[in-house]
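Morning, everyone. Have a look at the structure first.

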Amino acid sequence: MSEPRTLTDLAIFGGKPVAGEKLHVGRPNIGNRDRLLERINDILDRRWLTNFGAYVQEFEQRVAEIVGVRHCIATCNGAVALEIAIRALDLRGEVIVPAFTFVATAHALQWQQITPVFADIDPVTHLLDPASVERMITPRTTGILGVHLWGNACAIEALDAIASRHRLKLIFDAAHAFGCSHQGRLIGGFGEAEVFSFHATKFVNTLEGGAIVTNNDDLARKIRLMKNFGFSGYDNVVHLGTNGKMDEFSAAMGLTSLEAMDHFVEANQRNYHQYVAELAGLPGVHVLGHAAGERCNYQYVVLEIDPETCAISRDDLMNLLWSENILARRYFHPGCHRMEPYRSLFPDAGKHLPQTERVAARVLVLPTGETLGAREVHNICEVIRLGVEHGGKITAQLKASR
Ligand SMILES: *Cc1c(COP(=O)(O)O)cnc(C)c1O
């Protein structure tokens, strides 16, 4: 017999994993399946699969209406949307980004020979710290790429003031923030442009997909050319471009997903409040908050595990949860600056990023979404509670079995 490694082995839950089925972070929300299939049948009947299809146009209109922006350009994914937005704005040299984000934010710059310069974050909100941004500005800086992490708006006004003072362009990676507001206005209309991701794991999804939203007519026109090889009508290429188009199936999924988005928020919000209530008072366990009075999609339930006061380490807690089929994730560990190619290019970047390093060592994102009910959330909280209570024992057993 091997050493017991988990609560399951300790038979606290009767020797079976707490979650029968694996509970993933970012398990897709689907919406009304019949509506989706109707749309897909319609697409097949009409044999119009991509290139200015009716569903993509409708999806773009709906997103623009919901967000309250003049233009929405749907794309094949969020990463390509970021690349196109960055290129359409003619960013070059250096652009300041947080290191505490999904690596695509930095890659979208580096991919086109623009240097991502990593700035630090606020330790409480995990959002870009304007003071750190200002310190990283050099004569080569051309822009700031803020990230509305976890659906919370970054310090838009402060970043805007810095951008104006230094004549920099300001854009936002709003991949987490569809349906979230800042000072009562939905995210999407800030800066020169904002970029959404509609990846399967995001709040509203188009399978793969994304969008650039902007109120700038000239910029929108340029982006429309760039996402379709620079074509302006048949046989007429007027700009350098790529293929960033969204297809009709994706738009069908997106429209179906938009119709259900209030239901997704309800489920996420209910789960969030249950997590907060059930984890309250656990020493060293903190659930990240959202700005009061703002709309939020509650797509991310973010725990912070304080190594000083919690009886179990973040990583041991994660391993314990995984052994119970609860696939919690260490987003965004270890920070972009510790991933390639940035780790090799900027080996000293961490020196300027103490809060990023600290937060990246503490975070753990929990499952939520329309497929999670009160029972699942309760069981997840129970494993966390037992993990904290038995912390020393579990840590010792994990160590012994390594
Ligand atoms: C998901 C995500 C992206 C990339 O979007 P894709 O649609 O997956 O290409 C970019 N930035 C952040 C912060 C993300 O979470």
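A quick definition: a salt bridge here is a side-chain nitrogen of Lys or Arg within 4 Å of a carboxyl oxygen of Asp or Glu. Keep in mind that this is a predicted model. By that rule, the count is 21 salt bridges.

Start with a local pair. Glutamate 389 and arginine 385 form a salt bridge, at 2.7 Å from N to O. Both sit in helix H13, residues 374–389, four residues apart, so about one helical turn separates them. How open are they? Glutamate 389 is exposed, with a relative accessible area of 53%. Arginine 385 is partly exposed, at 28%.

Arginine 35 bridges to glutamate 259, with the closest N and O atoms 3.9 Å apart. Arginine 35 is in helix H1, residues 33–46, and glutamate 259 is in helix H8, residues 248–259, so the bridge ties together parts 224 residues apart in sequence. Arginine 35 is partly exposed, at 29% relative accessibility. Glutamate 259 is partly exposed too, at 48%. This pair also belongs to a network: Arg35, Glu38, Arg39 and Glu259 are linked by salt bridges.

Last pair: aspartate 306 and arginine 362. Their side chains meet in a salt bridge of 3.8 Å, N to O. Aspartate 306 lies in the loop between strand E12 and helix H10, arginine 362 in the loop between helix H12 and strand E14. They are 56 residues apart. Buried or exposed, aspartate 306? The cut-off for buried is under 20% relative accessible area. Aspartate 306 has 18%, so it counts as buried. Arginine 362 is buried as well, at 12%.

Key. Residues numbered from 1 in each chain as written. Predicted model: local features only at pLDDT ≥ 70, side-chain atom pairs only at ≥ 80, totals over all residues. Heavy atoms only, no water. Helix = DSSP H or I, 4+ residues; strand = E, 2+ residues; numbered from the N terminus. Buried < 20%, exposed > 50% of the residue type's maximum accessible area, 1.4 Å probe, protein only.
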